[in-house]
Amino acid sequence: MKIKFILTALLVCALFSLNAQEISDTKFGKGLINFTAKDSSFSIKFAPRFQFRSTSSWDYDGNQYESPDHNFIIRRARLKFNGFAYSPKLKYKIELGLSNRDISGANDFNRNTPRIILDAVVMWNFAKNFELWAGQTKLPGNIDRVVSSANLQLIDRSLLNSRFNLDRDVGVQLRHKSNLGGHFLMREKIAISQGEGRNVSEGNIGGLQYTGRLELLPFGEFQSKGDYIQAAIKREETPKLMVGATYNYNQDAVRERSGLGDYMFRSDDSLYETDITTVFVDAMFKYQGFSFMGEYASRSAENAIAIDLDGTPTGDIVLTGNAVNLQAGYMFKSNYEIAARFTTLDFDPETGTDPQEQYTLGASRYIVGHKLKVQSDLSYTTLNGTEDNITFRIGFDIHF
């Protein structure tokens, strides 16, 4: 019975796709289904994708490197839907995660269910150069996080991103762009969100989260939104630069990394609350085959050490400190690319977390841009200058 149901569903999808070919381009990388209604009342693009990865890791024990650990995983497997509804001015995006890394994190605050929904957001262009977003999606944080995981230059994002990023949240965003003269563009993004991250269904626990971002593009727009795509997939004929800054204030935050990390429980099962501030300054530059991305991050808290009802520390500590991430690459005309990244993390003393540095070299072959590619990288990581690790990763992406 299940097989019949699956075959029927596949047949319906195939017929739907054939009809869509009459009015849409269904070339690989443009969506498995790309359909617009005859009366232009709605459109839908369906683009599944997944990433395969192999990892080998060697730890240094002070005398020699230990035997390696090997791992094969489907890092990401996702179903993405986007288009417009009723009017081209009302766009939507839905993205669902299927891999264990995408859906893990069940707890009492999301009713102990898999966190399948990544994005569910509508974007309304209600006036010239203004858009109002509502739903769950990425906050306007650091470049490395807002860049889709399908458009990365190396196998995965940096350590700065994994420790300091704002990630996704539920709320509203207001976005605006303006021309300051010539090619000079300015974009402003403001968000008010719940503050506990994605898929939280049991109400607002602490206070709200407020995010503001300003972006300056002195030489005009990048080709194909390349300021949020890593690697010089589109070879810019003239230099392009985007400089941005983000300020985030999470009032009465209850998690160790603002909207991410462990919840800070007290002995009576209530949650410790403190105000957390995160700041990013970043840039993206591209010219011909060269690309550069730089980021600075800083997180502080009003009271970083969680205190129990009796005034003693609970053991939970907000991960405060700062980080720098520098990344550059060169894309040859053959669509092979070499890239390098340096990341340093420096945490505040009360966190008890050692500083960390990581050096990464990568090589990629872009067969159909980011839609079909093979990537590899080699990283050397040192923790407080005493514990070392070497990690080699190789994998591929396929994105319809």
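**Reading the model**

A: With the charges: in this predicted model, the chain has 45 positive and 47 negative charges, and their mean positions are 13 Å apart.

Q: What secondary structure elements does the chain have?

A: The chain has 21 strands and four helices. The radius of gyration is 22 Å, close to the 21 Å that the globule rule gives for 400 residues, so the chain is as compact as a globular protein of that length. Along the principal axes, the C-alpha atoms fill a box of roughly 70 × 65 × 50 Å.

Q: How should I read burial and surface for the whole chain?

A: Burial is judged by relative accessible area, with under 20% taken as buried. Of the 400 residues in the chain, 45% are buried. The accessible surface comes to about 19600 Å², and carbon and sulfur atoms account for 60% of that.

Q: Which percentage of contacts between residues at least 6 apart in sequence joins residues at least 24 apart?

A: That share is 60%. A single residue can show how contacts reach along the chain. Ala323, in strand β17 (residues 321–331), touches Leu160, Phe164, Glu295, Tyr296, Ala297, Thr344 and Leu345, leaving out residues up to four places away in sequence.

Q: Is Ala323 buried or exposed?

A: Ala323 counts as buried because its relative accessibility is 1%, and the cut-off for buried is under 20%. For a distance across the model, take Ala323 and Thr36: they are 287 residues apart along the chain, and their C-alpha atoms are separated by 45 Å.

Q: Which side chain makes a polar contact with the side chain of Thr381?

A: It is the side chain of Gln358, at 2.8 Å. Thr381 lies in strand β20 (residues 372–383) and is buried, with a relative accessible area of 11%. Beyond its neighbours within four places in sequence, Thr381 is in contact with Gln356, Glu357, Gln358, Glu387, Asp388 and Asn389.

Q: Where is Asn107, and what is in contact with it?

A: Asn107 sits in the loop between α2 (100–103) and β5 (117–127). Setting aside neighbours within four places in sequence, Asn107 is in contact with Asn112 and Tyr263. A polar atom of the Asn107 side chain lies 3.2 Å from the backbone oxygen of Gly105. Asn107 and Val200 are 93 residues apart along the chain, while their C-alpha atoms are separated by 9.1 Å.

Q: Where are Ser258 and Asn335 found?

A: Ser258 is in the loop between β11 (255–257) and β12 (260–263). Asn335 is in the loop between β17 and β18 (336–347).

Q: Which accessibility class does each of Ser258 and Asn335 fall into?

A: Ser258 counts as buried, at 2% relative accessibility. Asn335 counts as partly exposed because its relative accessibility is 34%, which falls between the cut-offs of 20% and 50%.

How values were computed
Residues numbered from 1 in each chain as written. Predicted model: local features only at pLDDT ≥ 70, side-chain atom pairs only at ≥ 80, totals over all residues. Heavy atoms only, no water. Helix = DSSP H or I, 4+ residues; strand = E, 2+ residues; numbered from the N terminus. Rg over C-alpha atoms; globule rule 2.2 N^0.38 Å. Buried < 20%, exposed > 50% of the residue type's maximum accessible area, 1.4 Å probe, protein only. Contact = heavy atoms within 4.5 Å. Areas by Shrake-Rupley, 256 points an atom, 1.4 Å probe, with all protein chains shown as cover. Lys, Arg positive; Asp, Glu negative; His and termini not counted. Charge placed at Lys NZ, Arg CZ, Asp CG, Glu CD. Polar contact = N/O pair within 3.5 Å; in protein donor to acceptor, adjacent residues only side chain to side chain.
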